[in-house]
Amino acid sequence: GDISAQLNDQKELEKICLQIKDDRKPSVIIWIGTCTTEIVKMDLEGIAPKLEKQIGIPIIVARANGLDYAFTQGEDTALAAMAHRCPEYRYCETNPNNRSEFTRIEIHATSSKKVHHRNELTRSDLVLFGSLSSSVASQLNSELRHQSIFVSGWLPSQRYEELPGLGEGVYVCGVNPFLSRTATTLMRRRKCKLIGAPFPIGPDG
């Protein structure tokens with residue numbers, strides 16, 4: 001009985017995901033489970049890897065126990081789950097666009113103090129997390145660049161393949177309030193350093 005039910009669940013989810021793939025052409029699909037596995041009798045974490053291979057699109061499972069939680073903290077839940085799928089940070093993966101900025105800083109640096117500052121910028125990649133429209137994100141990138149703050153990546157990124165590398169040496173800062181679960185995941189699981197910022201930036205904004 002359990003085996004046949006699991007097969008039916010998988011076929012139904014596959015049908016829905018294929019329809020989403022044809023209609024929307026997403027780079028990633030996120031399942032938000034509003035009930036525990038024991039209640040719905042459906043192992044989303046077990047089904048997701050199998051369907052991922054079949055349809056050729058990454059599937060992320062986010063757990064939000066209760067409909068109220070899913071509606072009010074859905075972004076935080078999805079981003080926290082997505083943070084686990086980000087690649088491991090490596091120093092050589094610094095954004096090429098940022099490298100040119102660092103090079104210009106080095107050329108114009110005339111004192112050892114400025115050279116040291118340039119090295120600190122290169123070593124410390126900054127990732128901003130929080131859902132913003134592409135136009136707002138571009139404006140924020142531009143504004144921060146004017147202040148010599150270079151953003152190496154966004155969570156979420158515009159496409160799944162462009163998710164930023166996370167790990168020790170990466171600084172993270174939230175652009176929306178109420179992202180405490182994502183911030184905790186980034187600090188404890190991915191070993192990033194959280195920058196606390198006042199309104200309107202930061203998980204406590």
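Reply: Start with burial: buried means under 20% relative accessible area, exposed over 50%, and partly exposed in between (1.4 Å probe, protein chains only). The model is predicted, so local features need pLDDT of at least 70 and side-chain atom pairs pLDDT 80 or more, while totals for chains, interfaces and linings use all residues. Numbering runs from 1 along each chain as its sequence is written, and side-chain values use heavy atoms, without hydrogens or water.

The part is helix α8, residues 134–146. Helices (H or I, at least four residues) and strands (E, at least two) are DSSP runs, numbered from the N terminus.

Now its two sides. Ala137, Leu140, Asn141 and Leu144 of α8 are buried. They sit on the same side of α8, because they cover an arc of only 105° around the axis (taken from the directions from the helix axis to the C-beta atoms). Gln139 and His146 are on the other side of α8, and they are exposed.

What do the buried residues of α8 pack against? Two strands: β3 (125–129) and β4 (151–155). Contact here means heavy atoms within 4.5 Å. Just after α8 comes Ser148, with a positive phi of about 60°. Most residues other than glycine have a negative phi, and most peptide bonds are trans.

Follow the chain through β4. Leu155 and Pro156 are joined by a cis peptide bond, with omega about 5°. Pro156 itself belongs to the loop between β4 and β5. Strand β5 covers residues 170–174, and Gly174 is part of it. Gly174 counts as buried because its relative accessibility is 0%. Back to Leu155: 19 residues separate it from Gly174 in sequence, and their C-alpha atoms are 9.3 Å apart.

Elsewhere, two lysines also have positive phi. Lys25 has a phi of about 50°. It lies in the loop between α1 (2–24) and β1 (29–33), and it counts as exposed because its relative accessibility is 62%. Lys191 has a phi of about 65°. Its loop runs between α9 (180–189) and β6 (193–194). At 49% relative accessibility, Lys191 therefore counts as partly exposed.

Asp76 lies in helix α5, residues 74–83. The backbone of Arg181 has another relation to Asp76: its nitrogen lies 3.0 Å from a polar atom of the Asp76 side chain. Leaving aside neighbours within four places in sequence, Asp76 is in contact with Phe178, Leu179, Ser180, Arg181 and Thr182.

Last, the whole chain. It has nine helices and six strands. Of its 205 residues, 39% are buried. Among contacts with a separation of 6 or more, 73% join residues 24 or more positions apart.

Note on methods
Expected span 1.5 Å × (residues − 1). Polar contact = N/O pair within 3.5 Å; in protein donor to acceptor, adjacent residues only side chain to side chain.
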